[in-house]
Amino acid sequence: MAQLRVHPVRHFTAELAVPGDKSISHRAVMLGGFADGETRVTGFLPSEDCLASLAAMQALGVTTETIDRTDFILRGRGGKLRAPLESLDCGNSGTTIRLLAGLVAGQPFTTRLFGDASLSRRPMKRIVDPLTQMGATLSCEGANQRPPLTVTGAALQPIHYQMPVASAQLKSAILLAGLQTPGLTVVEQPAVCRDHTERMLRHLGASLRAGEHRVELYGGGRLTGRDLPVPGDFSSAAFWLVAAAALPGARLTLTGVGLNPTRTALLNVLTRMGAAIKENIERDDFEPRGMLRIEEGGRLKGVTVGGAEIPNLIDELPVIAVAGALADGDTVIKDARELRVKESDRIATVARHLREFGVSVEEQPDGMVIHGGSPIRAARVTSHGDHRIAMAFSILALFADGPSLIEDTDCIKTSYPTFEEHLASILANDLAGKFRFGASLVNKVKQLIKPKQK
Ligand code: S3P
């Protein structure tokens, strides 16, 4: 099992381009593969999760012309997918299983979707209910409606659905089904959650109107293939933003990052904690992207994070907890019960690991209270197969009193395959800062500590 040994840093200087956005990459292959004609995807995230979606779409009849791992052309099926010969492996990816369920719900065949042990513990009732109401037949093999999940498609009915949870995966599953039936499908969300599906559907020609809490889609039309440039993943950028914001004197520039406002609530949280972050939107085709810069990190102060902002920073909460541990005073995370049904129970895992690093924390049913500002003790923790836990605690380890060990880090490949490389370059810059090495020596060190390509 892979592990990461992380040394503390003093001098943090980095300019990084994080890899493609995970949520947008999933949607690019699903919607591009479903549309009429060709779609050119650029900046795709070649991570295990997104490759599972690509392989599933290929099994459903989509063909691809590869340029390289991030750029390719999809030949869309014009709304008619092909029955898969085998069950579709969704790996670790909740987005793959839930969005695909919506897509195949309107197709005249049966699809069985399964995944790894973590995915097999994740709730599917939230999508089974609306897709069943629309006319598809869904059944789960796991207890309490857990995967594997079998979907038998049908001629669907549009639906007016009030979502019980603010989940973009649920909203998207309903929209992908609604796309395939004439008439008005309406989805109401209890809080605004990421709107990548709505933006991409509109970009590909769907008739869709989106208000704050309500999305209306006129189904039965066709999507037309178009260029889909994927911006860098804000959720990957988040790890470096927290590290730089919390380290006095740190400097960070992130280029080409997705800056969709339904994803960037972390910027507001870090600003409330005292960080100064510059945001510059440079391009806005169907998704805004641009640059983020921290010119000087400093000491942070504790804040309360909760309410309507939670869905817009849901994936950042483990690293926000890390920011809370580094900040002076208490940080309260509340209204985040959804964290218990992510790739791991992220409330329990984060609280346990914070304690292992010497941080005092109280676990709550919907979040935690972190008493921050004490020295961080080097520790040895496991990811429990959860990529965001592995990366969040690698960031905390940068602030410890000695080297820490993060175990079971293979899972990082599900969302950020070059994380180790980026971490190694930051550690190399730190060495250069300590000893005032010249640039050529720094590059040699970077080569030496660069992890081998697997
Ligand atoms: C995602 C939505 C979120 C998020 C996940 C990706 C998406 O999940 O946590 O990592 O791409 O739609 P929920 O919709 O379950 O909140």
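# Strand pairing and helix packing

Within β5, Phe72 is the bridge partner of Thr66. The model is predicted: local features require pLDDT of at least 70, side-chain atom pairs count only at pLDDT 80 or more, and totals for chains, interfaces and linings use all residues. Residues are numbered from 1 along each chain as its sequence is written, and side-chain values use heavy atoms, with hydrogens and water left out.

Helices (H or I, at least four residues) and strands (E, at least two) are DSSP runs numbered from the N terminus; two strands pair if DSSP finds at least two bridges between them.

| Strands | Bridges | Bridge partners |
|---|---|---|
| β4 (residues 63-66) and β5 (residues 72-75) | four bridges | Thr66 and Phe72 |
| β8 (137-142) and β9 (residues 146-152) | five bridges | Gly142 and Arg146 |

β4 and β5 form a hairpin, with five residues between them. An open sheet of mixed pairing contains four strands in the order β6-β7-β9-β8. Its edge strands, β6 (88-89) and β8, each pair on one side only. Helix α3 (residues 94-104) lies across β6, β7 (110-114) and β9, and runs at about 15 degrees to β9. Such angles run from 0 to 180 degrees between N-to-C directions, with axes fitted to C-alpha atoms, for helices over the stretch in contact (heavy atoms within 4.5 Å).

In helix α8 (residues 265-272), Ala265, Leu266, Leu267, Val269 and Leu270 are buried, that is, under 20% relative accessible area (1.4 Å probe, protein chains only). These buried residues pack against the helices α7 (234-246) and α9 (317-326), and against β16 (278-284), β17 (288-294) and β18 (304-305).

How values were computed: Buried < 20%, exposed > 50% of the residue type's maximum accessible area, 1.4 Å probe, protein only.
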